[in-house]
Amino acid sequence: MAAIDTSARGNWNTKLGFILAAAGSAVGLGNIWRFPTVMAENGGAAFLFIYALLVFIIGYPVMVAEMSMGRSSQKNPVGAFRALSNSRFFPIVGFWMVLCGIAILSFYIVIAGWTISYFFEQIFFYAGWYDLASFIADTDNGWLNAILAIIFMGLTISIILGGVSDGIERAVRMLMPMLVVIIVILIGYVLFQPGASEGLRVYLVPDFSAITPDLILAALGQAFFSLSLGMGALITYGSYLSKKENIPEAAGYVTVFDIGIAFLAGLLVMPTIYIAQSQGMVIFDDDGNLVAGIALIFQVLPELFHEMGGLIGLIFGATFFFLLSIAALTSSISLLEVPTSYTIDEHRMPRKKAALLIGGTVTIISIILSFNTGGIDILNYVFSDLGLPLGGLMICLFLGYVWKTENARHEIRSGFEGLDEHWFWPVWTFFVRYICPILIGLVLVVTAYELIGTLFA
Ligand code: TRP
C-alpha cells in the first residue's frame, strides 16, 4: 500500500499543519458572513442553541467519519467510496458531493469578492473619496461582482496549483489568531455603544417557542457548512493525513475552534445590528426579513468602522476585511480541492489542467450569479442546507453499514492508542450508526414534507 503515491498527492508537514488546514477550511465566510445572517433571520438565541447542539451531536461525529474514510482510502470522495466498498450506489453519492462543492464554491467566491471590495471601501472612505467608496461597495453591480469573483478565483487556483501544504499552513498559523484578536477587540468596543444590550439579549436569551422545522434545517445546514462537512472536503484533506495522527483529537480541535469563532462573530454582529437599528438604519422589513439579505454584514460592519472614525476605524476596518478574505481563501481552497482531486484521481488529469478546468467552470457559474445575486439564496438552500446534510447522512450510512465501524476502528486506532478501551469508541459508533442518521433523516423528511405541502398549497 505504501506504493500509493502520497508524495505526489501531497502531505501535511506536521500534525499542526493538518489541524491548521482543516481549521482553515472550516473557518471562513461560514462563520462570519453566513452564521450571523442565518441567525438574524431565525431570531437569534434559539438558533444559536440548536446550532451548537447540532455541531456537537452531528457535526463532530461526521467529521471523524470523513477524516477516517479519507485517510484509509487515500482518495477523493468518489474514489473513497469505491476503494472502501463494492457498492455501485455510493460512488454516485460521491459524485453528488463533488457537484455540491462546485455549486457552493460558485457563490462562495462572489461573497468572498465582497470582502475584497470592502477592504478597498474602507481605504477609499478614509481617504475621503466617497464616490469611489460607494462605487466599490455596490453589491448590486454585476460587472464589479464578476470581476471580484474572478480575482478571488484566480487566487484560489494559484494556491491549488502549488499543492496542498505550505501556503495553507502558513496563512492559517499566522493570520487566524490575528482575526480572533481583532474580533475580540471589536466586541469590546461594540458592547459599549448605545443599543448593544438589545442585540446581546436577542443573541443570548433564547425564546424556545421560536424553534420550528425551518430553523432546525437552517441550523443543520449551517453546522455542515461551517465545519466543511457533507461534501468530502475532509475526506480529501484526510487523505493527505499521516497515520500517526489522532483523528478524534484533531477533529475536536477543529470543531471547537470553528464554533468558537462563529460565536465571537455573532457576539460582534448581533449587537452591531441593533446599534445600527437604533441609529435609524432599516435592518428588518415589516415581516421580520432582512432588508439587505445576504449582504447583511456588509451593510452593518463597514458602518461600524466608519463610526469608530479616523485612523482607528481604517485600521480595524481594512484589517478586518483583509483577514476575512484570507479566511475565505483558506476555505475556498478546500472547496476547489475536492473536485480537483476527483478529476486528478479518477480521470487521470494533471493537477494543473484539472484545477484550471474546474476553476473555469466554477467561474462561469459565478459570473452568472454576479448578475443575479438572488440565485445565491437558491444555491445556498439546495446545496448547503439540503445537499450537505444529505451527504452527511450518506457518510454515516456508508461508514456504519457498508464500510462498517470495524474497519473505521482499525483506521482510527492508528494514532490513537487505547482507542479500544476509551469511551470515545462506543459513543462515536452509536452516534454514527443511529443518532446522526436518524436525526438528519428526520430533519430532511420533515423538510421534504413541508416543501411538498407548500408546492401544492
Ligand atoms: N466551512 C467554510 C466556511 O465556513 C466553507 C467551506 C469550505 C465548506 N469547505 C467546505 C462548506 C466544504 C461546505 C463543504 O466558510
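Which side chains meet in a salt bridge at 3.2 Å, N to O? They are those of Arg-201 and Glu-198. This is a predicted model, where local features need pLDDT of at least 70, side-chain atom pairs count only at pLDDT 80 or more, and totals for chains, interfaces and linings use all residues. Residues are numbered from 1 along each chain as its sequence is written, and side-chain values use heavy atoms, with hydrogens and water left out.

**Salt bridges**

- A salt bridge here is a side-chain nitrogen of Lys or Arg within 4 Å of a carboxyl oxygen of Asp or Glu. By this rule the count is nine.
- Side chains of opposite charge can pair when their charged atoms come close.
- Arg-201 and Glu-198 sit three residues apart in helix H10 (residues 196-204), so about one helical turn separates them. Helices (H or I, at least four residues) and strands (E, at least two) are DSSP runs, numbered from the N terminus.
- Arg-201 has a relative accessible area of 44%, so it is partly exposed. Glu-198 is also partly exposed, at 36%. The cut-offs are these: buried means under 20% relative accessible area, exposed means over 50%, and partly exposed lies in between (1.4 Å probe, protein chains only).
- Arg-409 pairs with Glu-406, and their closest N and O atoms are 3.3 Å apart. Both residues lie in helix H17, three residues apart, about one turn of the helix.
- Arg-409 counts as buried because its relative accessibility is 17%. Glu-406 is partly exposed, with a value of 46%.
- Asp-420 and Arg-413 form a salt bridge at 2.9 Å, N to O. Asp-420 is partly exposed at 35%. Arg-413 is partly exposed at 33%.
- A network of salt bridges links Glu-406, Arg-409, Arg-413 and Asp-420.

**The ligand**

- The ligand is surrounded by 17 residues. The closest are Ala-26, Gly-30, Tyr-108, Phe-225 and Ser-334. A residue is near a molecule or strand if one of its heavy atoms lies within 4 Å of it.
- Phe-225 places a backbone N or O atom 2.7 Å from a nitrogen atom of the ligand.
- Ser-334 has a polar side-chain atom 3.0 Å from a nitrogen atom of the ligand.
- Asn-31 has a polar side-chain atom 3.4 Å from an oxygen atom of the ligand.
- On its own, the ligand has 360 Å² of accessible area, and the protein covers 100% of it. Accessible areas come from the Shrake-Rupley method with a 1.4 Å probe; for residues, only the protein chains shown count as cover.

**Helix H11**

- Helix H11 (residues 213-226) has 14 residues. At 1.5 Å a residue it should span 20 Å, and its end C-alpha atoms are 20 Å apart, which agrees. The expected span is 1.5 Å times one less than the number of residues.
- H11 is mostly covered, with eleven of its 14 residues buried.
- Among the buried residues of H11 are Leu-215, Leu-217, Gln-222, Phe-224 and Phe-225.

**A nonpolar surface patch**

- Tyr-401, Val-402, Phe-430, Tyr-434 and Ile-438 form a nonpolar patch on the surface. Together they have about 450 Å² of accessible area.
- Patches are made of residues with over 30% relative accessible area and no salt bridge. Like charges are joined within 9 Å, and nonpolar side chains (Val, Leu, Ile, Met, Phe, Trp, Tyr) within 5 Å.
- Helix H17 (374-413) and helix H18 (424-455) each supply at least two residues of the patch. The largest share, three residues, comes from H18.
- Phe-430 lies in helix H18. Phe-430 counts as partly exposed because its relative accessibility is 43%.

**Two distances across the chain**

- Gly-266 lies in helix H13 (residues 247-278). Gly-266 is buried, at 0% relative accessibility.
- The C-alpha atoms of Gly-266 and Ala-80 are separated by 36 Å, and these residues are 186 residues apart along the chain.
- Leu-393 lies in helix H17. Leu-393 is buried, with a relative accessible area of 13%.
- The C-alpha atoms of Leu-393 and Thr-115 are separated by 33 Å, and these residues are 278 residues apart along the chain.

Note on methods
A polar contact is a pair of N or O atoms within 3.5 Å; within protein, one must be able to donate a hydrogen and the other to accept it, and residues adjacent in sequence count only if both atoms are side-chain atoms.
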